[in-house]
Amino acid sequence: MNCKLSIEAKVHWIGTNDRETNLFENYWPLDKGVSYNSYIINDEKIAVLDTVKFNKTTEYLEKVKEIIGDRPVDYLIVNHMEPDHSGSMLALLSAYPEMKIVGNKKTFPFIEGFYGITKNYYEVNDGDMLDLGYHKLKFYLTPMVHWPETMMTYDETSKILFSMDAFGGFGALDGGIFDDEINYEFYEDETRRYYSNIVAKYSQMVQKSLQKLSSLDIRMIAPTHGPVWRESPGKIMELYNKWSQFKAENGVVIVYGSMYGNTAKMADYLARIIAQNGVKNIKVFDASKTHNSYILSEIWKYKAVIIGSCAYNTKVFSPVETLLAKLSNSGLKDRYVSVFGNKSWSGGGVSGIDAFVKEIGWEKIGPSIEATYSPKDAEFESLNKLGKEMAKRLNDEFNINA
Ligand code: FEO
């Protein structure tokens with residue numbers, strides 16, 4: 001299934017789809033699969049840009065051969081060393097032993113450490129060029145998007161930016177490889193999930209990279225996951241710019257942990273009050289059922305989050321605790337937050353979420369509301385006030401007349 005990228009006939013997508021692996025990085029759900037995109041430039045000199053995960057090596061090597069026949073690969077350009085992209089490096093080197101491995105000085109310790117390869121290194125630095133004949137490649141170091149060694153490669157001839165993880169997303173490529181061949185709504189959700197799960201921790205470095213790339217004439221973006229941006233590369237750059245600045249849409253995520261339904265009852269009541277007061281985007285999640293990958297992505301999308309938990313062995317209920325740890329680690333800023341929950345004796349759920357709110361520094365809306373045994377009239381009255389206050393705050397911010 002080799003597909004020529006349309007700007008330049010010598011540049012090919014040689015990626016693979018993975019619909020078998022359940023968890024990306026053995027943690028994040030892949031129910032819609034993922035693609036590992038690799039590219040080959042079939043010029044006077046032949047360059048491959050990144051490889052694919054080790055479970056796809058056989059299919060991958062066949063694709064390389066289909067494009068170049070008996071000619072050898074001259075360069076493997078390693079934009080990123082995470083094994084979902086470097087996993088077929090050793091096999092490619094075995095097939096093409098003269099191949100030079102192009103990376104920056106931070107790349108090579110990873111290569112030696114993961115694969116024991118100590119030869120064929122070709123070191124480049126920021127702004128260096130590699131001439132393939134017709135295509136002239138320029139390298140841009142973009143550390144910590146997503147690992148220390150990450151870099152991007154810009155083809156000055158075709159004006160394609162090979163951006164590795166940046167601008168990528170989850171979701172296998174089901175036939176459509178280019179942005180103009182797909183319904184992007186599905187991929188937007190999967191791309192934001194990928195951003196919030198994988199890249200978001202380094203949002204500041206994403207911003208730096210976007211500034212670094214801002215003077216380039218980019219006609220196409222070819223990331224290592226998700227669609228190739230042939231028609232609207234500006235669109236994905238805009239989305240990454242928005243997400244890395246923590247800009248949010250009007251809406252509320254209510255997430256709760258509940259053993260026997262009392263905290264869940266409070267969540268549903270709150271959601272109803274907020275809806276009655278004019279907020280249309282309300283997403284309610286049971287943290288025990290929905291993987292935090294999806295909840296994190298929705299919190300990245302919307303301005304407000306309301307977190308509830310029962311007390312569990314004097315702490316926050318474990319699935320909510322996991323989500324809080326992920327949120328703390330993600331570096332997300334500028335959200336409204338409220339807190340609620342339930343206890344039967346000494347508590348620990350609500351106070352644990354309060355401690356998280358203090359640490360993360362988001363603006364707290366209303367007081368924390370904690371029921372004892374089960375929510376009663378007094379708590380419903382407080383939830384009613386809280387729901388109205390949160391809705392008003394959002395309506396004011398997004399100029400909605402409720
Ligand atoms: Fe797709 Fe950071 O690896």
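**Reading helix packing and buried residues**

Guide: Welcome! Let us begin with a pair of helices: H5 and H9 are roughly perpendicular to each other. Keep in mind that this is a predicted model.

Visitor: What is the angle at which H5 and H9 pack, and how far apart are their axes?

Guide: Two packed helices are described by the angle between their axes and by the distance between those axes. Here, H5 and H9 pack at about 100°, and their axes are 8 Å apart. Angles of 65 to 115 degrees count as roughly perpendicular, so H5 and H9 fall into that class.

Visitor: Which residues of H5 and H9 meet?

Guide: From H5 come Asp189, Arg192, Arg193, Tyr195, Ser196 and Asn197, which meet Ser293, Tyr294, Leu296, Ser297, Glu298, Trp300 and Lys301 of H9. Sorted by class, the contact of H5 with H9 has four nonpolar, four polar and five charged residues.

Visitor: How is the pair H10 and H11 arranged?

Guide: Helix H10 (residues 318-330) and helix H11 (residues 349-360) pack at about 5°, with their axes 11 Å apart. That makes H10 roughly parallel to H11, because angles under 35 degrees count as such. Leu324, Leu327 and Ser328 of H10 make the contact with Ile353, Phe356, Glu359 and Ile360 of H11. By class, this contact has five nonpolar, one polar and one charged residues.

Visitor: Let us turn to a strand. Is Ser309 buried or exposed?

Guide: Ser309 lies in strand S19 (residues 302-312). Its relative accessible area is 0%, and under 20% counts as buried, so Ser309 is buried. Leaving out residues up to four places away in sequence, Ser309 touches several residues, among them Gly257, Thr263, Phe317, Phe340, Asn342 and Ile353. Ile353 is also one of the H11 residues in the contact with H10.

Visitor: Which side chain makes a polar contact with that of Asn42?

Guide: The side chain of Arg71 does, at 2.9 Å. Asn42 is found in strand S7 (residues 39-42). Beyond four places in sequence, Asn42 touches Lys10, His12, Ile67, Ile68 and Arg71.

Conventions:
Residues numbered from 1 in each chain as written. Predicted model: local features only at pLDDT ≥ 70, side-chain atom pairs only at ≥ 80, totals over all residues. Heavy atoms only, no water. Helix = DSSP H or I, 4+ residues; strand = E, 2+ residues; numbered from the N terminus. Buried < 20%, exposed > 50% of the residue type's maximum accessible area, 1.4 Å probe, protein only. Contact = heavy atoms within 4.5 Å. Axes fitted to C-alpha atoms, helices over the stretch in contact; angles between N-to-C directions. Parallel < 35°, antiparallel > 145°, perpendicular 65-115°, else oblique. Nonpolar A, V, L, I, M, F, W, Y, C, P; charged D, E, K, R; others polar. Polar contact = N/O pair within 3.5 Å; in protein donor to acceptor, adjacent residues only side chain to side chain.
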